[in-house]
Amino acid sequence: MSIHHIRVTINGKLYEGDVEARTLLVHWLRDSLRLTGTHIGCDTSSCGACTILVDGKAVKSCTMLAVQADGRELLTVEGLEQNGKLHPLQEGFHVEHALQCGYCTPGMMMAALALLKRNPDPSEQEIREGISGNLCRCTGYVNIVKAIQYAAQKLREPEQVPAGSGGGGE
Amino acid sequence: MIPGPFDYQVAGSVAEAIALLDQHGADAKVLAGGHSLIPLLRFRLASPAVLVDINRLRDLEYIQEADGTLHIGALTREVDLEASDLIRRRYPILADTARVIADPVVRNWATVGGNLAHADPANDHPATMLALGAQLVATGPAGQRLIPIEHFFTDSSFETTLQPNELLTEIRVPAPSERSGGAYLKLERKVGDYAIAGVAAYVVLDGAGHVTYAGIGLTNVGPTPIKARAAEQLLLGSTLDDAVIAQAARQAAAEAQPVSDLRGPADYKRAMVETLTMRALRQARSRATGGA
């Protein structure tokens, strides 16, 4: 069993720590760093509740080892809000009532963020495909799609893009 | 669910990865995208003493055509295969395959090489590569060797002919000819699930429209990925008319070895193999003759 010292930039801030090789990234985020916005759902990379961005790409953090994140840049749901201002995705989820229990919401927003970075003006079908790795058991997805459309539109208006969010329409 | 303890080593180069594999032998497992391996570790279905992480080997991530062959680096992420213009334009069967593997978030990290080397009969690339007649490059201490895909999987699930000190480094696919085409069709209950059944078909026609090459691979209807050899034989020399396609589809269904499980009874899966083979061959024919 090996222990590794890792340095990871998360939401723009450098974190360091010693991790066992077998520690999963999501457990390190939640249990060691207390970044509990990232949820654990299915534990088997099916549900997407634990989705975060690793070097700009959406990844299920239950299926990556913490040690694999060494030297990489992560964005978790805690990094969406900037200076007390909600990210357009968070605003969209609020305005469009895109959550009920809220369990899937952080992962859903991170998957949506990755989608909008790649495709700033997605069709409804593209949104549905983009979030097809993220399960919601409450909403039926209709309002989630609307929330992402809301955010997409807001992000396309450059003056509305929050600085340094790591996301958006760049 | 937390994996059992293991040592973790990052390979900084292919040579280093092979040296680590050579040192640890069968106690080591290669960690690529990890979307099959990490769940296995968590369920304690695998307990390697050492993981050799190859994710930093960026020189194994490429998609390029050279000398009549498509070269895919083993660490190529599924998302890059799916998004590649070259693949969409020249190898639509590979685009068909990439876009139905797991889900978009998984595809950001999952790799083509891992999908093959894991040798899960439910994985999608094995059938496609069997249909295409791909060759795999295994790199070991003594250098590289080429393994034809039909000799890559063994008679057991989750087993390949790679030696413990060999790394799958590249997948080679013959470039399309003027009249060739293929398709991969997967029947799945929902996004992210394994196939109820999947069929890959690839054909090459001569100038007169006769079949000079036929490849048919089956997903998740047996203990291993299945190459439907007898069905392929039926197609050779034919003009790929509807009657011979129907005959080959029946034969492919006969070559499937499905078992009844939560995804359906064996009879149903066999029937689906027939239907999917028929559709895949028709689409392959359409693509081989200039259609979509």
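Reader: Which domains does the domain assignment of chain A give?

Author: The assignment gives domain 1 (3-79) and domain 2 (88-157), with bounds that come from an automatic or database domain assignment. The model is predicted, so local features need pLDDT of at least 70 and side-chain atom pairs count only at pLDDT 80 or more, while totals for chains, interfaces and linings use all residues. Residues are numbered from 1 along each chain as its sequence is written, and chains are lettered from A and ligands numbered from 1 in the order in which they are written.

Reader: How many residues of domain 1 of chain A are in contact with domain 2 of chain A?

Author: Two residues are in contact if their C-beta atoms, placed from the backbone, lie within 7 Å. By that rule, 15 residues of domain 1 of chain A are in contact with 13 residues of domain 2 of chain A. On the domain 1 side, β3(A) gives the most, with 3 residues; strands (E, at least two residues) and helices (H or I, at least four) are DSSP runs, numbered from the N terminus. The centres of the two domains, taken over C-alpha atoms, are 21 Å apart.

Reader: How many residues does each chain bring to the contact between chain A and chain B?

Author: Chain B brings 23 residues and chain A brings 24.

Reader: What classes do the residues on the chain B side fall into?

Author: They divide into 13 nonpolar, 6 polar and 4 charged. Ala, Val, Leu, Ile, Met, Phe, Trp, Tyr, Cys and Pro count as nonpolar, Asp, Glu, Lys and Arg as charged, and the others, Gly among them, as polar.

Reader: Why does the radius of gyration of chain B agree with that of a compact globule?

Author: The globule rule is 2.2 Å times the number of residues to the power 0.38, and the radius is taken over C-alpha atoms. For 292 residues the rule gives a value near 19 Å, and chain B has 19 Å, so the two agree.

Reader: What share of chain B counts as buried?

Author: A residue is buried if 20 or more other C-beta atoms lie within 10 Å of its own, exposed if 12 or fewer, and partly exposed in between, with C-beta atoms placed from the backbone. Of the 292 residues of chain B, 54% count as buried.

Reader: What does the secondary structure of chain B come to?

Author: Chain B has 11 helices and 12 strands.
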